[in-house]
Amino acid sequence: MSNEQQQSTDAPQHESEDAPQKVTGKYAPDMPRERKGDALQGRDLVLLEGELAGIVGKAGLRLNEPMSEHTTFQVGGPADLFVTPRTPAEVRGALRALRRAGEPLFVLGKGSDLLVADAGYRGAIVCLSDHLTGITVDGEKLVCMAGTTLKDVSDKALDQGLTGFEFACGIPGSVGGACFMNAGAYGGQMADVLQSVDVVTPDGEFITLGADDLDMGYRTSRVRTDGLVVVQATIALQKGDPQQIAATIADLTQRRESKQPLEYGSAGSTFKRPEGYFAGKLITDAGLKGYRVGNACVSTKHAGFVVNLGGATSADVHAVISHVQDEVRRQFGVSLEPEVRFLG
């Protein structure tokens, strides 16, 4: 893998560097909110909130935002700060401000692989899917902002008669998240179609990396291991027959709807595929289909999914996942690694 990193010529070269603004209302509470751990408190927190509002605008900063509204599991308590940048420059500015302040942070796409604790997150969520969206067509390439949904990319590819992205038509995630974990389904994966990504490094610099430099593997990439934040990705496809593309999408959609419990909140496949096995079959053979804690359970439709039947807590979901891991390990000696990420 090449370690060469090319400076992006397309990334914005400026950002708001204004001093922290004095803000009013919900951005400057009369009394500090009680926080624990490494999170900022008191005046330092108020100053950070003011600085972030100066970067993303007051509308781009929310306090105590319920994470149940931003994850496909539909569970999770409040995040102290919820930041929604509109441009790559605002992403970089917000990340720099948070890191200078030492504030814990988490970059969020569509929340389709995330289980947030009932107590929420004592830190800042930087959400890219609210505003950092859009697709530009460049011949047989699609240049996609990180918050764009994979379904929107699939629809655009179909509209342009481009083939190669059909596999992702039903993956409920964002472009940035798909690059992060090398998302895949039905025999395809992001590594097959990704040409390059524009990212913000942990040092706050814009760089462009080719797909060959991302070390993409099963549910991983350098985006994940090196703490990079994708702001834009270029996807390279080929001209195809629009009717055949549409037929493939329709077939994959029908297969997904018939086999997966899409009527319930979930994070898709709960576990990674263990080498030499299928997680769903192991869970079924362990007699765990329908296993339930509170309002979370192993789906009776597809045992590879833990679902929220409605009103589940994060603790319910976590208890089901833990029990499944314990039982599969006890009965078959196989360790199931969650595909779900845990936050808080």
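## Before we start

This is a predicted model, where local features need pLDDT of at least 70, side-chain atom pairs count only at pLDDT 80 or more, and totals for chains, interfaces and linings use all residues. Residues are numbered from 1 along each chain as its sequence is written, and side-chain values use heavy atoms, with hydrogens and water left out.

## The nonpolar cores

Let's begin on the inside. A nonpolar core is a set of buried Ala, Val, Leu, Ile, Met, Phe, Trp, Tyr and Cys residues joined through side-chain atoms within 4.5 Å. "Buried" means under 20% relative accessible area, "exposed" means over 50%, and "partly exposed" is in between (1.4 Å probe, protein chains only). The largest core here has 57 residues, and those with the most contacts inside it are Leu 52, Phe 165, Met 190, Leu 194, Val 197 and Ile 235. Helix α1 (residues 42-56) gives the most to this core, with six residues. Apart from this core lies another one, of 23 residues, including Ala 279, Val 298, Val 306 and Ile 321.

Which residues does Leu 52 touch? Leaving out residues up to four places away in sequence, the list is Gly 57, Leu 61, Leu 81, Val 83, Ala 94, Ala 97 and Leu 98. A contact, by the way, means heavy atoms within 4.5 Å.

## Helix α2

Helices (H or I, at least four residues) and strands (E, at least two) are DSSP runs, numbered from the N terminus. Helix α2 has 14 residues and reaches 20 Å from its first C-alpha to its last, close to the 20 Å expected at 1.5 Å a residue. That expected span is 1.5 Å times one less than the number of residues.

Of the 14 residues of α2, 10 are buried, so this helix is largely enclosed by the rest of the structure. Among the buried ones are Glu 90, Ala 94, Ala 97 and Leu 98. Just after α2, Gly 102 takes a positive phi of about 75 degrees.

## Salt bridges

Side chains of opposite charge can pair when their charged atoms come close. A salt bridge is a side-chain nitrogen of Lys or Arg within 4 Å of a carboxyl oxygen of Asp or Glu, and the whole structure has 15 of them. In one, the side chains of Glu 51 and Arg 100 meet at 2.6 Å, N to O. Glu 51 sits in helix α1 and Arg 100 in helix α2 (residues 88-101), so this pair ties together parts that are 49 residues apart in sequence. Glu 51 is buried at 17% relative accessible area, while Arg 100 is exposed at 54%.

Arg 86 pairs with Glu 90, and their closest N and O atoms are 2.6 Å apart. Here Arg 86 is partly exposed at 45% and Glu 90 is buried at 11%. Arg 329 and Asp 326 also form a salt bridge, with 3.4 Å between the closest N and O atoms. These two are three residues apart in helix α8 (residues 314-332), which separates them by about one helical turn. Finally, Arg 62, Glu 65 and Asp 130 are linked in a network of salt bridges.

## Two loop residues with positive phi

Gln 74 has a positive phi of about 65 degrees although it is not a glycine. It lies in the loop between β1 (61-66) and β2 (78-83). Arg 219, also not a glycine, has a positive phi of about 60 degrees, and it lies in the loop between β12 (206-210) and α5 (222-225).

Are these two buried or partly exposed? Gln 74 is partly exposed, at 49% relative accessibility, whereas Arg 219 is buried, at 13%.
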